[in-house]
Amino acid sequence: MAVQGSSDVLVDELYETTQQLRRFVEHRLRAGGATVARLRALRMLARAERPLRMRDLSEMTGVAARTVTSIVDSLERDGLVERVRHPDDRRAFLLRLTDDGLRCHREAEDVDRQALAEATAGLTPEDRERFRALLAVVREATADRNQSDGDQSDGDQPSRDPSGRPAHGMRP
């Protein structure tokens, strides 16, 4: 039974399943010295066709800039990422994987792939297809709703009514 954190048990179960899956993968990655957060950063840097700015990596991973900075600092300390001067802006740096970073990325991707295959082994190809279709329905129903409603909140501030007062005393 999912912890009831919303008014819909389906949403609670989806959240709980996502969190459990993350912990499952995280446990396997940690055995090799990686984490889900580090893998995401390594993945984006490996897929990029050129070195990335910190801001680009933050946007690509959907993680706050200060969190990405902490992740990159640890990757740099471990010799997996290096900061290089931006060719057009002397004040800026770009991020790129080192050879060790590329190797670590490949190894972590293998662990991730194996863990996810194990976690989803009970699903038939038809189950997977249907599950993906159902998730797409939810994503489509919620796509860009905040922007279309004029809510530019980052989630840290309550929604406001037209007069600027908190709307209904509820947070978004």
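## Report on a predicted helical and stranded chain

At 29% relative accessibility, Ala-46 counts as partly exposed, where buried means under 20% relative accessible area, exposed over 50%, and partly exposed in between, with a 1.4 Å probe and protein chains only. The structure is a predicted model, in which local features need pLDDT of at least 70 and side-chain atom pairs count only at pLDDT 80 or more, while totals for chains, interfaces and linings use all residues. Residues are numbered from 1 along each chain as its sequence is written, and side-chain values use heavy atoms, with hydrogens and water left out.

**The chain as a whole**

The secondary structure of the protein chain comes to 7 helices and 2 strands; helices (H or I, at least four residues) and strands (E, at least two) are DSSP runs, numbered from the N terminus. Read from the N terminus on, the elements follow the order α-α-α-α-β-β-α-α-α. The protein chain has 172 residues, of which 26% count as buried. Among its contacts between residues at least 6 apart in sequence, 37% join residues at least 24 apart, a contact being heavy atoms within 4.5 Å.

Helix α1 (residues 9–31) packs with helix α2 (residues 36–47) at an angle of about 80 degrees, and their axes lie 9 Å apart. Axes here are lines fitted to C-alpha atoms, for helices over the stretch in contact, and angles run from 0 to 180 degrees between N-to-C directions. The angle therefore makes α1 roughly perpendicular to α2, given that angles under 35 degrees count as roughly parallel, over 145 as roughly antiparallel, 65 to 115 as roughly perpendicular and the rest as oblique. On the α1 side the contact is made by Arg-22, Val-25, Glu-26 and Leu-29, and on the α2 side by Val-36, Ala-37 and Leu-39. By class, this contact of α1 with α2 has 5 nonpolar, no polar and 2 charged residues, where Ala, Val, Leu, Ile, Met, Phe, Trp, Tyr, Cys and Pro count as nonpolar, Asp, Glu, Lys and Arg as charged, and the others, Gly among them, as polar.

Ala-46 has its place in helix α2, and, leaving aside its neighbours within four places in sequence, Ala-46 is in contact with Leu-97 and His-105. The C-alpha atoms of Ala-46 and Leu-102, which are 56 residues apart along the chain, are separated by 6.9 Å.

Leaving aside neighbours within four places in sequence, Glu-109 is in contact with Leu-39 and Arg-43, whereas Asp-112 is in contact with Val-25, Leu-29, Leu-39 and Arg-43. The C-alpha atoms of Asp-99 and Leu-80, 19 residues apart along the chain, are separated by 7.4 Å.

| Residue | Relative accessibility | Class |
|---|---|---|
| Glu-109 | 11% | buried |
| Asp-112 | 11% | buried |
| Asp-99 | 64% | exposed |

**Helix α3**

In helix α3 (residues 54–61), the residues Met-54, Asp-56, Leu-57, Ser-58 and Thr-61 are buried. The buried residues of α3 pack against α2, α4 (65–77), β1 (81–85) and β2 (93–97). After α3 comes Gly-62, whose phi is positive, near 70 degrees.

**The largest pocket**

Rolling a probe the size of a water molecule over the atoms shows where empty space is left. On a 1 Å grid over the protein atoms alone, a pocket is an open set of points where a 1.4 Å probe fits, with protein on both sides within 12 Å along at least five of seven lines, and lining residues have an atom within 4 Å of a point. The largest pocket has a volume of about 1300 Å³, a volume being the space filled by probe spheres set on the points, which are joined across faces, edges and corners. Of the 34 residues that line the largest pocket, Leu-14, Thr-17, Thr-18, Leu-21 and Phe-131 are the closest to its centre. At least two lining residues are supplied by each of α1, α2, α5 and α6 (125–142), and the largest share of the lining, 16 residues, comes from α1. By class, the lining of the largest pocket has 17 nonpolar, 7 polar and 10 charged residues.
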